[in-house]
Amino acid sequence: MTSAPARKSHRIAVIGGDGIGPEVVAEGLKVLSAIAPRHGLRYEAVQYPFSTDRWLATGGEHGGETLPDSAFAEIKDGCDAVLLGAIGDPRAPVGLVEHGVIMRLRVGLDLFVNLRPIKLYDARLCPLKDKRPEDVDMVICRENTEDAYTAKAEFTNKGTPDEVAVQPMRYTRKGTERIIRYAFELARRRNKQKKLLLIDKANAVRAQDLWTRTFAEVAKEYPDVATDHAYIDAACMWMLKNPEWFDVAVTTNLFGDIITDVGAMVQGGLGIAASGNIHPGRVSLFEPIHGSAPKYKGQNSANPVATVMAVALMLDHLGHPEAGRVIEGAVASALQSGRIKSLSAGAQKTSEIGDLLASAVAG
Ligand SMILES: NC(=O)c1ccc[n+]([C@@H]2O[C@H](COP(=O)([O-])OP(=O)(O)OC[C@H]3O[C@@H](n4cnc5c(N)ncnc54)[C@H](O)[C@@H]3O)[C@@H](O)[C@H]2O)c1
């Protein structure tokens with residue numbers, strides 16, 4: 001008789017970051033620790049201090065560190081996932097620490113999928129008239145490593161009336177194909193409407209003809225998945241008018257950034273929206289999509305639900321989809337029963353929401 005193999009222990013890098021980040025991450029970890037025994041989940045949470053405080057303490061503008069090479073290597077080679085709160089603080093130049101930590105991980109770990117489930121758990125949370133939970137259940141797959149976001153900005157004649165600023169939207173066939181293929185697989189696996197929508201602006205940005213052609217070619221391998229197309233402007237309009245038409249959508253980095261915030265509002269706001277930055281089979285990063293909301297820092301008033309939902313996505317990625325579903329169910333039931341009063345800041349203490357979700361998932 002052979003004994004069952006010991007279940008793998010996951011090493012999770014935890015970066016609380018700035019502002020409300022450490023507070024919401026603490027509640028995410030509380031829920032993780034509560035659900036772990038019930039699902040035989042073994043893990044070690046390794047705390048990393050990367051944040052604007054750290055950048056300032058190590059020199060700030062004079063060589064302060066954002067994410068040092070040694071920590072990047074530890075995360076890349078020794079961790080299974082990263083749980084991130086938020087980065088961003090007015091004491092640092094706009095975007096500097098965000099870029100040094102978040103973009104370094106997204107691009108350095110080649111996390112080419114930005115996965116954004118958009119689901120409404122209670123009709124009272126939706127700002128759209130007469131929309132119910134069954135009308136809002138979609139996933140946006142945003143390409144996460146290309147586009148203008150990873151191209152260099154160039155300024156000529158800076159500060160003069162003749163200034164010109166350029167930052168190209170750059171797409172590769174390989175980068176485009178892998179996110180489109182991921183989205184087709186997801187539409188098939190989800191098995192809901194089995195429909196994949198391509199969102200682009202190929203009529204105006206002709207470089208996106210690469211997306212049109214790649215989508216058409218990959219679609220031939222998925223005859224069971226219906227395809228559709230919308231330009232980004234129309235897609236934003238349709239998401240507000242008829243969210244029930246959406247199942248899985250795939251889009252570029254820039255347009256995905258914008259339309260997923262529209263989606264966040266449709267599902268109830270930044271207080272619930274979570275994302276996975278994923279490379280299938282490799283260390284991947286999970287986070288609430290909101291930022292560091294500096295005005296709420298240290299007040300125990302930010303809503304931790306988005307971070308708890310990021311933990312659910314992380315568990316799915318780590319091979320514990322059932323645990324992820326239990327967390328999602330606990331959030332849904334706490335919202336439907338009114339035990340979580342609101343997704344905004346201030347209605348309840350951050351720690352109180354964490355406590356009630358932790359006790360719900362502990363069973
Ligand atoms: N991934 C990230 O770490 C990330 C994402 C976006 C912005 N940022 C950074 O965060 C900083 C602040 O940016 P911002 O003000 O544009 O966006 P933000 O998401 O931090 O805050 C916008 C507003 O959303 C609400 N909000 C955000 N999180 C909430 C929560 N958990 N509970 C309740 N309400 C919440 C608040 O009303 C807040 O004022 C900036 O430095 C920005 O660069 C970081």
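Which residue is the bridge partner of Ile140 in E10? I looked it up, and the partner is Ala249. I note that I am working from a predicted model.

**Entry: E5 and E10**

I then checked the pair of strands behind that bridge. Strand E5 covers residues 137-143, and strand E10 covers residues 248-251. They pair in the parallel sense. I find four bridges between them.

**Entry: the whole sheet**

Next I traced the sheet. It is open and has 10 strands. I wrote down the order as E2-E1-E3-E12-E11-E4-E5-E10-E8-E9. The pairing is mixed. Strand E2 (42-48) and strand E9 (226-231) are the edge strands, and each pairs on one side only.

Is strand E3 mostly covered or mostly open? I find that E3, residues 81-86, is mostly covered. Six of its six residues are buried, with under 20% relative accessible area as the cut-off.

In the sheet order, E3 sits between E1 and E12. I took the E1 side to begin with. Strand E1 spans residues 9-17 and runs parallel to E3, with five bridges joining the two. Ile12 stands opposite Ala81 of E3.

Then I turned to the E12 side. Strand E12 spans residues 284-288. E3 and E12 also pair in the parallel sense, here over three bridges. Val82 has Leu285 in E12 as its bridge partner.

**Entry: the ligand site**

How many residues surround the ligand? I get 22. The closest are Ile87, Glu98, Gly291, Ala293 and Asn303. By class, I sorted the shell into 12 nonpolar, six polar and four charged residues.

Glu98 uses its side chain: one of its polar atoms lies 2.4 Å from a ligand oxygen. Ala293 uses its backbone, with a polar atom 2.7 Å from an oxygen of the ligand. Ile87 also contributes a polar backbone atom, at 2.9 Å from a ligand oxygen. How much of the ligand does the protein bury? Taken alone, the ligand exposes 800 Å², and the protein buries 67% of that.

Notes:
Residues are numbered from 1 along each chain as its sequence is written. This is a predicted model: local features need pLDDT of at least 70, side-chain atom pairs count only at pLDDT 80 or more; totals for chains, interfaces and linings use all residues. Side-chain values use heavy atoms; hydrogens and water are left out. A residue is near a molecule or strand if one of its heavy atoms lies within 4 Å of it. A polar contact is a pair of N or O atoms within 3.5 Å; within protein, one must be able to donate a hydrogen and the other to accept it, and residues adjacent in sequence count only if both atoms are side-chain atoms. Accessible areas come from the Shrake-Rupley method with a 1.4 Å probe; for residues, only the protein chains shown count as cover. Ala, Val, Leu, Ile, Met, Phe, Trp, Tyr, Cys and Pro count as nonpolar, Asp, Glu, Lys and Arg as charged, and the others, Gly among them, as polar. Buried means under 20% relative accessible area, exposed over 50%, partly exposed in between (1.4 Å probe, protein chains only). Two strands pair if DSSP finds at least two bridges between them.
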